[in-house]
Each structure stands twice: as structure tokens, then as C-alpha cells.
Amino acid sequence: MSQVFVSIGSNTHRYHHIASSLDALQHYFGELIISPVYESVAVGFEGDNFLNLVVGFESVYSVGELQALLKQIEDDYGRKRGGPKFSSRTLDIDILTVDDMVGDVDGVLLPRTEILDNAFVLLPLYNIAPNQLHPTTHKSYQQLWQQYDQASQKLWPVDFEWNETKL
């Protein structure tokens, strides 16, 4: 079993897609560790605000199998591929870390660089795994958040209640 952290974001029918992604992840992985949900402005393009969170779970899948499954979940909830890299999304699920793996693993670069670059990834990761160490900096997510320029990106917590459903 590997400990996995993924980031989830949506700026199209946000509450529906975030809840649906949690339902799907619970279906495949069981117990989830779920961060608070944050709203943030779109980064890299003009668009509606995003909802973002980080989810942790244990997985028996290889990194490649996990990546394929997460892309299928995105597709199942209307993700359109082939557009600009920075654009509106029904659902975006990215693998952040898998245990302490580093480098290109099955075509996935680990750990994901957005952990250190974006408050909407780092803050929720800090919320659910403050003492866990980043695989390359070897600093805790708490230390990384404390060192992050918190004024550089606007984000704020939002009320979000997920009523678990059985798929």
C-alpha cells in the first residue's frame, strides 16, 4: 500500500464536481483524508474562481495505473482535453505524492511541482499532513507553508459539506 496525496480542482459546476470526485475516490480507495476546501482565483488565465482541496488515501495501484484511473474519473465528469493548458475545468485531479517517490515514475513527475508553487495546493496539504516531509526538500509541509509568500496568491476557505454516497 502506498500513501497518495492528490489535488482536486474545479471551476465549472464546482460543488457538484468536487463532491462527485470524492464519491469516486471513496469508491476506489475507501477511507479518505480530506482537507478543507478553498476558493481561489484562476491562475494563468481569466476564468471563474476555482474550488481546491487535497485528498489523501492508500492505494495498491502502480503510479501509472493510478494516473489512468484519475484521468478516467476526470473524463467521467466531463473533462475536455486538448484545449489550452490553463483553462476552465470541470474536474482536475493531479497526483501530488506517492510515498517518497521522486522523479519520473510511469510518466508522472513526482513530487508534483505545484506543491511548492501554489498556495491552493500547499495550504490544503499542510492542513492534512503538516508533519509529513516533502520528498525532495525534506521540509515538513508546515515549514513549507510558513516559508511560503502567503500574500502572493489569494485563497479563502469555503463551506463545503460532502454527503458520502455509495457508487
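Trainee: Where is the place of Asn-11?

Mentor: Asn-11 sits in the loop between strand 1 (2-10) and helix 1; helices (H or I, at least four residues) and strands (E, at least two) are DSSP runs, numbered from the N terminus. This is a predicted model, in which local features need pLDDT of at least 70, side-chain atom pairs count only at pLDDT 80 or more, and totals for chains, interfaces and linings use all residues. Residues are numbered from 1 along each chain as its sequence is written, and side-chain values use heavy atoms, with hydrogens and water left out.

Trainee: Is Asn-11 buried or exposed?

Mentor: Buried means under 20% relative accessible area, exposed over 50%, and partly exposed in between (1.4 Å probe, protein chains only). Asn-11 has a relative accessible area of 4%, so Asn-11 is buried.

Trainee: Which side chain does a polar contact join to that of Asn-11?

Mentor: A polar contact is a pair of N or O atoms within 3.5 Å; within protein, one must be able to donate a hydrogen and the other to accept it, and residues adjacent in sequence count only if both atoms are side-chain atoms. The side chain of Asn-11 makes one of 3.5 Å with that of Thr-12.

Trainee: How are two packed helices described?

Mentor: One gives the angle between their axes and the distance between the axes. Axes are lines fitted to C-alpha atoms, for helices over the stretch in contact, and angles run from 0 to 180 degrees between N-to-C directions. Here the axes of helix 1 (residues 14-29) and helix 2 (residues 63-76) come within 11 Å and cross at roughly 145 degrees.
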